[in-house]
There are 2 protein chains.
Amino acid sequence: MIAALKRCVGNDAVLYRHEDLLAYECDAYTLKKVVPRAVVFPRSTEETAEVVRLLSKRGIPFIPRGAGTGLSGGATPTGGEVIISLARMNRLLQVDLLNRRAVVQPGYINLHLTEAVADRGYYYAPDPSSQQACTIGGNVGENAGGAHCLKYGVTTNHVLGLTMVLPDGQIVQLGGLPDEPGYDLVGLVVGSEGTMGIVTEITVRLEKKPEGVRTVLAMFDEVSEASEAVSDIIAAGILPAALEMMDNLAIEAVEKGTFPVGYPRDLGAVLLIEVDGITEGLDEQIERIVEVCRKHGVREVRAASSEEERKSWWNNRKTAFGAVGTISPDYLVQDGVIPRSRLPEVLSRIEKISHEKGVRIANVFHAGDGNLHPLIMFDARIPGEEERAVQAGSEILQVCAEVGGSITGEHGVGLEKREEMRYLFSEKEIAVQTAIREVFNPRNLCNPGKIFPSPARCAEMKRQPKGIDTEKALDALY
Amino acid sequence: MIAALKRCVGNDAVLYRHEDLLAYECDAYTLKKVVPRAVVFPRSTEETAEVVRLLSKRGIPFIPRGAGTGLSGGATPTGGEVIISLARMNRLLQVDLLNRRAVVQPGYINLHLTEAVADRGYYYAPDPSSQQACTIGGNVGENAGGAHCLKYGVTTNHVLGLTMVLPDGQIVQLGGLPDEPGYDLVGLVVGSEGTMGIVTEITVRLEKKPEGVRTVLAMFDEVSEASEAVSDIIAAGILPAALEMMDNLAIEAVEKGTFPVGYPRDLGAVLLIEVDGITEGLDEQIERIVEVCRKHGVREVRAASSEEERKSWWNNRKTAFGAVGTISPDYLVQDGVIPRSRLPEVLSRIEKISHEKGVRIANVFHAGDGNLHPLIMFDARIPGEEERAVQAGSEILQVCAEVGGSITGEHGVGLEKREEMRYLFSEKEIAVQTAIREVFNPRNLCNPGKIFPSPARCAEMKRQPKGIDTEKALDALY
């Protein structure tokens, strides 16, 4: 098999020795690790298709992988898979500024696109914290978000078209037209976590860089005051470009990280608020935001006096996850979503979970979106602590689901949250989703064992290997 | 069958006499007419499900219908269908301003939602020209747009969740959560033109009414100057809430309509431009827009001096389709999309088609989106003229497809443009889409004969009546 793969992609583009494969036993979700069967590095759509055809013919499952920065185990093997790394498919294929679009290969790094068009006044809007490392292909798989999604939307709002290799090796074009008629298959594939095929080219929308930007820090004694300010800013009809929150423990962490801002150590919470657009009116928007913060007892408001200062604040915020490593030997990042109005209530329930499980929890939020990132700290050397941290995470997600929220805002379900899908979906709702997957991926060779909870998986395994009778599948479930 | 339907919905909620059925032989696309088998008017999700189960059991096809304002024949029978009218499911079920959402039944009229929340400072953004009559259920079916979609997006960007009756009568909930994990089935169903099931409840996003709005008319001698101004406004990084264009013939029509503005009769084109948002900065945005218009030789710019004047301009614009009836006995509305940058070229090709076919064509555009609405005038009493008008429409769509655009921006494919789908999609791309439909609608009982071109239909008819083997279907096509 290795020899056949080498014939597809070249001798230097296949890893198969155990020591080489170890780096691919997981992505940035590190609680489950399985060494893949091999790793291949195609350079083009055609090479990818050839690899997939080869694997498909032999019934060998496979996993697309970007930069491996995913936080839910979407690129982690479950046993026996070949990883198809898109790392060498890292080219910017086309830039069309007149129609504001670019075509990239999936291994192209998110931030590189903005850098490539910045001098012409454009940028690529979705900005995950990992944007210096993560790939646009990975972003498509996970429908990645970022701090500026409040105003600009997530990856799916910026993807116009896809070239995809289906799990049988056929190449299809999806979308790429303005207002494409028929079903929205691009929207369906974005966020499908590699379970429908391997995306090999992506047409994305470019945005004109806003003329002006204003950034302020609003520091509060109490996290509840900050939460109420968030709700009121949105209720006032202001749509900030970003509206981020960190609580006391998160502030402690980032202040020990690479980019300290000098936050007072006794803060309950800080809001990092940014507005952008046409220069005129920005100052007035900030004034109104500050007014709302005052109403909620803000202790101090600081405006960025230079682009440099603004960047340092963002660097501080974007290193929050990593910085937690400076105050705890190990930590888990969770990713839940709640209606903004439930923020104060959910925070106190997170605090309760923290006490019950005996694990400290720092909170970083895309507050404007109601997207929480609890950072659950533990010490893996202490028996039982990792388990309690995992339980705390799962309980937090249950709270999110209970208040009408979601178990993931931007990190995906992957391996990690398959069981938590039950908090949101009935068996039959999951069945509709798996039936959709069958259309693209009937033998479940492409990233098996992701997204859907295990009983659904068992049911799949029982069915005939050659495709599925959709109606029978639906009949069984309704 | 009629008796059984009456048992489901009551005696007064079933039409079956030929004279009663005539009103349902088509929607606002009037070139094809087929009388339905019956029309039923359920009042709830449960009644809808009961009707569908009854029809499904007997293998009788059915069609969901809103207000019948659709322009592509999406609610027109093809032969033997029962129409399920949602006209009595016209209630606003819930308003949650804190989380900015409302739940409506599908027969609820678009404009009524804005009216219901206006005094609290909110509105529902998608605003098709027919918004006084069209229903939100119909908007979901067609993924309807409107003049303000340039800034605010189309229906799919405003739908958060759906309750749907599947074609076998089962009820499913799709979406409704913030950032729902798994596949985006809401996005898949929105715009599926009633081919996946019957939507019976819709959760939509409400928007805060912008604090300020500024509206100007920019009148040009030449349509090409106006087109270039459109491109340059967008290129300047300004995102107007609306950017509408009418050409000379369209202006002639609207000036004879119910809401004349008093446009000079020799204008080449008029732009209706609106910016909205926080009050501060709006005047400056308008100044910059006017500057761009001046660069392109604008003859006159007029700013709305009152809300009343602004409304009168919009009324004028929104009656454009109907007003064409004042200058021509019959007309067809087309709906194509092109990259903004190709506007001048496409306009001259439309003019050429108009001369070749001997039919006058007025042009109304959502210019900012590149969404064209050629209004093709004809006299049905003159033999051959209707055919030439239809051909002209089809040729215009071919031009749109050639320049990288689309055959529909917001009116849907319906019955009208099934064959034109070939301009955009290969057989295998259409097959992926029909395979997706099979998941929801395996026996093709729900709105058959819509969206997909006829050979695909024939293939469907040949397959076994009880569902489809998806893999086999895909095998046959790839």
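Trainee: What makes E307(B) and R310(B) a salt bridge?

Mentor: In this predicted model, the closest N and O atoms of E307(B) and R310(B) are 2.8 Å apart. The rule asks for a Lys or Arg side-chain nitrogen within 4 Å of an Asp or Glu carboxyl oxygen, so the pair qualifies.

Trainee: How do you know how far apart E307(B) and R310(B) are in helical turns?

Mentor: Both belong to helix 11 (residues 307-318) of chain B, and they are three residues apart there, so about one helical turn separates them.

Trainee: Why is R310(B) called buried, and what is E307(B) called?

Mentor: R310(B) has 16% relative accessibility. Buried means under 20%, so R310(B) is buried. E307(B) has 40%.

Trainee: What makes E395(B) and K357(B) a link between parts of the chain?

Mentor: Their side chains meet in a salt bridge, 3.0 Å from N to O. E395(B) lies in helix 14 (residues 385-402) of chain B and K357(B) in helix 13 (residues 343-357) of chain B, so the bridge ties together parts that are 38 residues apart in sequence. K357(B), at 15%, is buried, whereas E395(B), at 26%, is partly exposed.

Trainee: Why does the pair D12(A) and R88(A) count as a salt bridge?

Mentor: The N to O distance is 3.7 Å. D12(A) and R88(A) are each in a loop, 76 residues apart.

Trainee: Is D12(A) buried or exposed, and why?

Mentor: D12(A) has a relative accessible area of 52%. Exposed means over 50%, so D12(A) is exposed. R88(A), at 31%, is partly exposed.

Trainee: Why is H373(B) called buried?

Mentor: H373(B) has 1% relative accessibility, and the limit is under 20%, so H373(B) is buried. H373(B) sits in strand 19 (residues 371-378) of chain B. Beyond its neighbours within four places in sequence, H373(B) is in contact with residues including F321(B), V333(B) and H411(B).

Trainee: Which salt bridge joins chain A to chain B, and how do you know that it counts?

Mentor: One of the two found across the interface is between R288(A) and E211(B), at 2.7 Å from N to O. That value is within 4 Å, so it counts.

Trainee: How is the size of an interface often given?

Mentor: As the accessible area lost when the parts come together. Between chain A and chain B about 6,000 Å² is buried, with carbon and sulfur atoms giving 60%. The contact takes 75 residues from chain A and 76 residues from chain B.

Key. Residues numbered from 1 in each chain as written. Chains lettered and ligands numbered in written order. Predicted model: local features only at pLDDT ≥ 70, side-chain atom pairs only at ≥ 80, totals over all residues. Heavy atoms only, no water. Contact = heavy atoms within 4.5 Å. Buried area = accessible area lost by both parts, 1.4 Å probe. Helix = DSSP H or I, 4+ residues; strand = E, 2+ residues; numbered from the N terminus. Buried < 20%, exposed > 50% of the residue type's maximum accessible area, 1.4 Å probe, protein only.
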